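Here is a short report on a two-chain model. Keep the sequence and the 3D view at hand while you read.

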Amino acid sequence: MSASNENLKDMIGQEYKDGFVTDIESESFPPGLSEDVVRAISAKKNEPEFLLEWRLEAYRHWLTMDHPEWAFVEFPKIDFQEISYYSAPKSMADGPKSLDEVDPELISTYNKLGIPLEEQMRLAGVAVDAVFDSVSVATTFKDKLYEAGVIFCSFSEAVKEHPELIKQYLGTVVSQYDNFYAALNAAVFSDGSFVYIPKGVRCPMELSTYFRINAANTGQFERTLIIADEGSHVSYLEGCTAPMRDENQLHAAVVELVILKDAEIKYSTVQNWYPGDENGVGGIYNFVTKRAECRGDNSKVSWTQVETGSAITWKYPSVVLKGDNSIGEFYSVALTNNYQQADTGTKMIHYGKNTSSTIISKGISAGHGQNTYRGLVKIGRKAENARNYTQCDSLLMGDQCGAHTFPYIETKNPSATIEHEASTSKISEDQLFYCMQRGISAEDAVSMIVNGFCKEVFKELPMEFAVEAQALLGISLEGSVG
Amino acid sequence: MLKIEDLHVSVEGKEILRGINLEIGKGEVHAIMGPNGSGKSTLSYILAGRDGYNITKGRVLFNGKDLLEMSVEERAWAGVFLAFQYPVEVPGVSNIYFLKAALNGIRKFNGESELDAMDFISMVKGKMKDLDMDEKFLYRAVNEGFSGGEKKRNEVLQMSVLEPALCVMDETDSGLDIDALQIVAEGVNRLRNPERSFVLITHYQRLLDYIKPDYVHVLAHGRVVKSGGPELALELEEQGYAWVDEKVAS
């Protein structure tokens, strides 16, 4: 093997820096799933009757469903009775009233992750909701947001404080029967974030949720619901990490976005769940349903995701374009290294007139990683002049990895314009040699080439996140050279 | 500055260079000419440290140090620059970012601090003007979508920003029209000084009308078969390379 191939191999031998475990006393349900468990979760959270019923409908339906097998990923059958469906730090039993009451151990966990919860630290004007295992431990800047009329709180709190909004919108984008993991989530979800932006309000700061799985043998099933009322605007960020553990852990989340007339949501994710070790042992199974519905005319939603973590990633942030002139965008970077597998992409469903969608997907495969883009562009009968542009690029590093593309296009309206471009490339010896000949170290050269490859996606991220995403790719590709 | 001694190189068992001897002094310009397949490009890659070549015999000294022991970056930091025959595209990475990373890599090695962003930009813009390059090139991805002439000009721009001690230019004249050739040659001539040496690899005499070499060497079948002054290039132009083959055959 040549020297630069060696360099590549070193560089992609990444280390996971967020793999520590917080030693905190937790209250967890014993493993197992039954109607009683669903009832117990609901009781634990003092939920209203309608929500319990909704959960039970989901659970009963889930029992009739088969595990989906169509994704291009391989993993041993999951025993759903071996998972614990609820875990919360004990100190959270009654729920904190303010940050002062949050366990210092938890605050320091988030500090270690670079997510300071103390509001004094004014994280560049970003409000954070921190979800630790099954519960939300803190939401910052709540008061300031409240002044603007913005509701940003944990899902549990929203159920208590704003049951009418929950009742009106929950499950209207991703129903409790939608798919196997969405139904499971609906039955057992324990917390998550809730956002409501009232009419005509531009959210005064970025909103952010930080998800952390800590407890062993626990699944994390959170649910996020964001409603952008007419003419409103919000930018929302989501980050994720987990400790290094030998066993696989399940993360099955649901995100629902509702965008009304003239409103806009920008949703950005940097997903860095523990990916497993270099032999493919451990890591998170990230099976997520994310969907946005552009309900009103001239509404817009933009999904931007940078996926570097998880043993298996299986998610398709999608947009249903119902309103006329509505716009859906999907920008994605997915990196798979070692034995990671990702089957990710999007669905753009055009129903309204003059709707348009853009898909930019960048897949990077290294080590034995398998990276699949799977996307659907569907144009409904009434969607006059719908437009889609799709670009799927794959970058391969080394010769053991794989990149796959499955684009599906269904159109029922002849006025539609659909473009699809795809490319597969390698970081070539030529490129590396060229950079190194100019005095750029091999490590910097790889990072530069990969960042260049992802540029179209990174420029969609909010500034702070773009820096984090670049650093994350850097870490993922960094190694001891020379 | 550069001393090549009995250099033998093979690729996949086939011997490409069969005992090259060459000495290049400070401030000198040497042209290496020869027919296709004579080993010219191989020689340039060996000097820059590219993988995939098997050095079976000989050594190369650069300012007294064993060049062949150094990594690709170390050679760049020490002042070896290769202007590529086919400059490589780096999509998504802007020219300005690339130049800055390269220059700072070299400055760091030499124990110098990174250049201030403003100073850097005005320095680069000045050099672009000399090469008749539009400033918009700074913000375009490295060589992506550049015409052949633009790529070559970009190589000379990099060279003038990085200010190497030894410039190896591999067929820089190929693919250039006469105007571009003049601009590139002027750029190179501006860089000539008593401390800097050049190795110009070329197939044609044309480039040497604009960049006057001190020495001309003819490479054929992996050996230097003839060395001389600038007049040797003219001789080659008249006679072609056929006599070289005869000479090697005999």
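In chain B, 41% of the 250 residues are buried. A residue is buried if 20 or more other C-beta atoms lie within 10 Å of its own, exposed if 12 or fewer, and partly exposed in between, with C-beta atoms placed from the backbone. The model is predicted, so local features need pLDDT of at least 70 and side-chain atom pairs count only at pLDDT 80 or more, while totals for chains, interfaces and linings use all residues. Residues are numbered from 1 along each chain as its sequence is written, and chains are lettered from A and ligands numbered from 1 in the order in which they are written.

**Chain totals**

Chain B has nine helices and twelve strands. Helices (H or I, at least four residues) and strands (E, at least two) are DSSP runs, numbered from the N terminus. The radius of gyration of chain B is 18 Å, close to the 18 Å that the globule rule gives for 250 residues, so chain B is as compact as a globular protein of that length. The radius is taken over C-alpha atoms, and the rule is 2.2 Å times the number of residues to the power 0.38. The C-alpha atoms of chain B fill a box of roughly 60 × 40 × 35 Å along the principal axes.

Of the contacts in chain B with a separation of 6 or more, 72% join residues 24 or more positions apart. Two residues are in contact if their C-beta atoms, placed from the backbone, lie within 7 Å. In chain A the corresponding share is 83%. Chain A has eleven helices and 23 strands. Buried residues make up 58% of its 482 residues.

**The open sheet of chain B**

Four strands of chain B form an open, antiparallel sheet in the order 2-1-4-5. Strand 2 (14-24) and strand 5 (65-66) of chain B stand at the edges with a single partner strand each, so one side of each has no neighbour in the sheet. Helix 1 (residues 40-48) of chain B packs on this sheet and touches strand 1, strand 2 and strand 4 (54-62) of chain B. The direction of helix 1 makes about 70 degrees with that of strand 2 of chain B. Strand 1 (residues 2-11) and strand 2 of chain B run antiparallel and are joined by eight bridges. Two strands pair if DSSP finds at least two bridges between them. His8(B) stands opposite Arg18(B) in strand 2 of chain B.

**A covered strand**

Strand 9 (residues 166-170) of chain B is mostly covered, with five of its five residues buried. Leu166(B), Val168(B) and Asp170(B) lie on one side, and Cys167(B) and Met169(B) on the other. Strand 9 of chain B pairs in the parallel sense with strand 6 (residues 80-83) of chain B over four bridges. Phe81(B) stands opposite Cys167(B). Strand 9 of chain B also pairs in the parallel sense with strand 10 (residues 197-202) of chain B, over five bridges. Here Val168(B) stands opposite Val199(B).

**Helix pairs**

Two packed helices are described by the angle between their axes and the distance between the axes. Axes are lines fitted to C-alpha atoms, for helices over the stretch in contact, and angles run from 0 to 180 degrees between N-to-C directions.

| Helix pair | Angle | Axis distance |
|---|---|---|
| Helix 3 (residues 49-63) and helix 8 (residues 180-188) of chain A | about 145 degrees | 7 Å |
| Helix 3 and helix 5 of chain B | about 35 degrees | 10 Å |

In chain B, Leu99(B), Ala102(B), Leu103(B) and Ile106(B) of helix 3 meet Gln158(B), Val161(B) and Leu162(B) of helix 5. These divide into six nonpolar, one polar and no charged residues. Ala, Val, Leu, Ile, Met, Phe, Trp, Tyr, Cys and Pro count as nonpolar, Asp, Glu, Lys and Arg as charged, and the others, Gly among them, as polar.

**Where the chains meet**

How many residues of chain B are in contact with chain A? There are 23, and they touch 21 residues of chain A. Helix 2 (72-78), strand 7 (90-94), helix 3 (95-109) and helix 5 (148-162) of chain B each give two or more residues to this side. By class, the side of chain B has 15 nonpolar, five polar and three charged residues.
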